[in-house]
Amino acid sequence: MTSRLFFLMYFSLLSCFSFAQSKYAYVRGTVLDENETPVSRASVTILGRNAGTFTNDSGAFYITVPAERAFALVFSFTGYKTDQRNFLLSVREEEQIVVRLQRGSKNLETVVITDQRVRQEAGMLSLNPKNAINIPSPITGIESLIKVFVGSNNELTSQYSVRGGNYDENLIYVNDFEVFRPYLVRSGQQEGLSFINPEMTRSVNFSNGGFQARYGDKMSSVLDIQYRKPKGFAGSAYVGLLEQGFHLEGASSNNRFSFLAGVRNRSNRNLFGSQETKGNYVPSSSDLQMLLTYQLNDKWSAEFLGNISGTSFKLRPEFSKQTSSVFSPLYTANLGLDIFFDGREEDNYSTNMMGLSIISQVRKNLRLKWLLSRFENDEEESVDIIGAYLFGDREFDKSKPSFGLITNPLGAGVYQNYARNRLNIQLLNAGHKGYLDKGLHFFQWGINVERQTIKDKLNEWEYQDSAGYSLPYNPGDLSLYKVLKSNADLELTRFTGYLQDNIAFSDSSGFTLQAGIRYNYNTLNKELLLSPRVGFSWTPAAWKKDFVFRGAAGIYNQPPFYRELRRYDGTINKDLKAQKSWQLVGGFDYNFKAVNRPFRFTAEAYYKNMRDVVSYDIDNVRLRYSGENNAKAYAAGVEMRLFGEIVKDAESWVSLGLMRTREDISNDFYYNYRNAAGDIISAESEDQVVADSLKQTVGWLRRPSDRLINFGMFFQDYLSTNKNIKMYLNTLYGSNLSYNIPNSVKYRNALKIPPYIRIDIGFSALLLDSDRSKRRSHSPFRRFENIWATLEVFNLIDRANTISYLLIKDFSNTTYTIPNRLTPRLLNVKFIARF
């Protein structure tokens with residue numbers, strides 16, 4: 001019912017933006033140049049609409065316009081500056097005006113050209129990176145655009161899950177170099193900047209399934225980023241409450257050398273100030289990236305990509321007040337949990353990456369590329385926090401002096417979390433890629449060798465004391481609730497490669513075929529993997545409508561990396577095999593026009609069948625693997641997307657996905673115990689005698705990423721009288737997720753995380769346009785292209801979304817769940833300048 005009301009409300013809101021006007025007025029007039037000469041065939045249009053007219057040979061025009069609402073007329077002609085006039089007319093009122101156009105260059109609108117090859121690849125999306133700075137989201141970046149299509153359940157992280165997969169099943173490439181994320185991060189609060197700098201990005205191609213053999217060995221998605229190669233000097237700077245950034249680019253006079261550099265800094269302190277856990281948060285993250293290119297001669301060029309980033313998270317928690325309501329026919333209560341802390345947490349994550357590529361254009365149809373890169377990730381966690389808690393009924397009657405306090409205690413205790421973890425990962429990679437165009441055939445190949453060195457030191461323990469007894473309770477002993485100790489030094493080498501042929505048949509057939517195969521071998525478990533993949537597209541030449549049908553099928557294997565190898569107890573399983581899957585994808589792409597505006601509709605259905613799956617649990621953004629190939633799984637769904645100008649000259653898109661993903665874990669069973677009367681009892685019950693037991697097999701369960709509905713929308717609009725005042729709306733809806741009770745077979749799917757509903761809105765105003773003729777010679781802004789100011793409202797509806805649960809036991813050993821909430825409504829201000 002909640003989801004129905006949400007969609008009804010949202011589409012009712014959208015209908016307010018549509019233009020349905022039955023009352024009219026009229027504007028007539030003449031368009032002249034600076035010499036009072038009539039301008040023939042000048043364009044006269046209503047701002048934001050296709051409706052308009054042209055002036056006649058005498059420069060005169062007559063146009064019907066909406067009445068009783070503000071609107072603007074835009075006058076334009078080649079070689080002259082655009083002029084805009086605002087109006088507010090009564091019904092049947094007629095306004096007469098004279099417009100004088102001034103000579104000058106006309107600013108051209110930015111045109112985004114969609115590569116036809118993107119339409120021919122199943123699961124492929126091409127995104128405009130310029131929207132990354134505009135989309136309202138607490139995490140600014142390319143990933144915010146992707147979440148509109150794949151969904152999200154956490155606005156504090158740049159990570160995402162695709163078609164039933166998890167965060168570790170996604171590939172990311174920047175200029176053909178694979179990049180990685182920190183591994184020890186437990187929550188979105190600890191995350192820093194994403195590797196990808198949107199201000200340096202030229203193109204974004206995202207495949208959410210059915211990707212080709214030239215991409216690597218993961219099971220869910222590929223994000224392929226290409227940075228720009230500058231042609232001249234330019235730059236940008238932005239300053240906001242959450243993030244600041246600056247970038248410069250330039251090229252030599254002969255265009256043989258170019259540089260592209262960006263620096264960013266981010267602090268989420270303003271976000272955390274309204275969190276349920278109060279304390280002193282000191283988060284910070286910064287990075288420096290640089291892309292250097294040099295054209296050695298007509299055939300040889302070199303490229304260097306470097307990145308240095310560091311993230312620090314410091315926290316001295318003070319107290320936390322959390323509340324959950326319970327409603328049932330037998331029991332209703334407002335449960336509260338008050339925790340008072342002592343101690344601190346300090347985490348540090350640093351990433352360094354260097355990549356060098358040499359490109360040789362041997363012939364017009366033959367291109368060779370050699371790549372050498374080094375990646376290092378160094379992470380430290382230091383936690384020593386003690387919490388004393390009181391749990392019970394909270395008073396919500398403001399007329400009582402006990403308002404906000406816990407009046408009926410149900411449980412009390414003390415716990416201590418301790419961690420001293422260290423992880424260092426070094427990757428040295430050397431590879432070669434080739435491209436050969438032979439008319440109807442386009443061959444691609446690659447070989448790669450990667451040396452991985454991992455040093456992992458894990459030292460964690462947790463102490464719990466409930467009602468004066470340490471848990472687990474052993475008379476005479478002081479026991480720790482959880483202990484993880486592990487030291488692991490791993491060295492392995494991976495050998496990978498691929499061969500692929502993209503075949504374009506005759507134009508009359510409209511058929512293309514992509515076929516290829518990958519291999520993967522590593523020295524740790526000595527497993528050789530072969531992954532054949534095939535894709536096709538068909539464009540019906542005889543059809544009047546612009547349809548492209550496409551599909552893909554293939555084997556997608558994912559060899560284990562560090563995180564999958566580590567079991568729950570911290571030990572390393574060096575014999576862990578790759579997770580394996582075969583996948584099918586099919587759909588179509590349809591370009592059309594509606595109300596004289598371009599639109600694009602895509603639809604795809606997919607199926608994944610997985611074996612040797614490594615089961616896992618999600619706690620916030622931390623993935624905890626079983627470290628065993630102990631499950632089989634599947635995922636199936638349908639995705640539909642609409643791209644287009646809902647408002648003229650303002651690109652928007654809508655995405656809807658339906659999915660189910662299930663897993664069957666081997667040997668997952670439990671026993672139901674009964675007393676002599678046949679009633680089910682607990683095996684730990686001291687006042688009951690077990691008379692019988694019955695083995696229960698669990699079978700198929702929801703996976704942690706199982707979400708039936710994903711809806712996303714990015715909508716742009718602007719004032720009817722001023723195109724330089726814009727609005728951006730970002731909406732996400734995801735139905736409930738399952739939440740697993742840790743270390744419990746019987747209650748693995750016992751909890752549900754409620755639907756995730758998020759609406760962020762932003763308003764931008766142009767403070768300085770690109771017309772430099774009006775600026776004084778000594779103006780400090782004379783070199784700037786434009787300056788924008790933006791006000792953003794995050795979580796517009798102030799919904800308390802849940803990310804995880806805290807499990808609390810009362811004095812009678814009954815377990816209660818207290819939700820951990822995400823961010824409430826917040827404001828952000830930023831300024832963006834380009835020069």
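Let's start at one residue. Arg600 is found in strand β28, which covers residues 597–619. A word on the source before going on: this is a predicted model.

Is Arg600 buried or exposed? Buried: its relative accessible area is 11%, and the cut-off for buried is under 20%. What does the side chain of Arg600 pair with? Asp589, through a polar contact of 2.6 Å between the two side chains. The surroundings of Arg600 go well beyond that one partner. Setting aside residues up to four places away in sequence, Arg600 touches Arg119, Met124, Arg550, Asp589, Tyr590, Asn591, Phe592, Arg641, Leu642 and Phe643. One more distance here. Phe547 sits 53 residues from Arg600 along the chain, and their C-alpha atoms are separated by 10.0 Å.

Next, another polar side chain. Thr802 has its place in strand β41, residues 802–809. Thr802 is buried as well, at a relative accessible area of 6%. Its side chain makes a polar contact of 2.8 Å with the side chain of Arg821. Leave out neighbours within four places in sequence, and Thr802 is in contact with Ile753, Pro754, Pro819, Asn820 and Arg821.

Now step back to the whole chain. The protein chain holds five helices and 43 strands. Its C-alpha trace spans about 105 × 75 × 55 Å along the principal axes. How does the radius of gyration fit a compact globule? For 835 residues, a compact globule would have a value near 28 Å; this chain has 30 Å, which agrees. Of the 835 residues, 52% are buried. And take the contacts with a separation of 6 or more: residues 24 or more positions apart account for 67% of them.

On to the sheets. A reminder: strands of a sheet pair through backbone hydrogen bonds, either parallel or antiparallel.

First up, an open sheet of five strands. The order is β8-β11-β12-β9-β10, and the pairing is mixed. The edge strands are β8, residues 124–127, and β10, residues 177–178; each of them pairs on one side only.

Look at β12, residues 221–227. Six of its seven residues are buried, so β12 is largely enclosed by the rest of the structure. Strand β9, residues 170–174, pairs with β12 in the parallel sense, over five bridges. In that pairing, Ile172 stands opposite Leu223. Tyr173 stands opposite Asp224. Strand β11, residues 201–207, pairs with β12 in the antiparallel sense, over six bridges. There, Val204 stands opposite Ile225.

α3 lies across β8, β11 and β12, and runs at about 135° to β8.

In general, nonpolar side chains in soluble globular proteins tend to be buried together. The largest nonpolar core here has 56 residues. Which members touch the most others? Leu223 and Tyr227. Helix α3, residues 142–150, gives the most to this core, with six residues.

Stay with Tyr227 for a moment. Ignore its neighbours within four places in sequence. Tyr227 is then in contact with Val174, Asn175, Phe195, Ile196, Asn197, Met200, Thr201, Arg202, Leu260, Gln289, Leu291 and Leu305. There is also a second, separate core of 20 residues, and it includes Val31, Ile63, Phe87 and Ile97.

Last stop, another sheet. This one is open too, with three strands in the order β4-β1-β7 and mixed pairing. Why is one side of β4 and of β7 left without a neighbour in the sheet? Because β4, residues 60–66, and β7, residues 94–100, stand at the edges, each with a single partner strand. Neighbouring strands in this sheet are turned by 25° against each other on average, direction ignored.

Within it, β1, residues 24–32, runs antiparallel to β4, and seven bridges join the two.

To recap. Thr802 and Arg821 share one of 2.8 Å. Strand β12 is largely enclosed. And Leu223 and Tyr227 touch the most other members of the largest nonpolar core. That's it from me.

Notes. Residues numbered from 1 in each chain as written. Predicted model: local features only at pLDDT ≥ 70, side-chain atom pairs only at ≥ 80, totals over all residues. Heavy atoms only, no water. Pairing = 2+ DSSP bridges. Helix = DSSP H or I, 4+ residues; strand = E, 2+ residues; numbered from the N terminus. Axes fitted to C-alpha atoms, helices over the stretch in contact; angles between N-to-C directions. Core = buried A, V, L, I, M, F, W, Y, C linked by side-chain atoms within 4.5 Å. Buried < 20%, exposed > 50% of the residue type's maximum accessible area, 1.4 Å probe, protein only. Contact = heavy atoms within 4.5 Å. Polar contact = N/O pair within 3.5 Å; in protein donor to acceptor, adjacent residues only side chain to side chain. Rg over C-alpha atoms; globule rule 2.2 N^0.38 Å.
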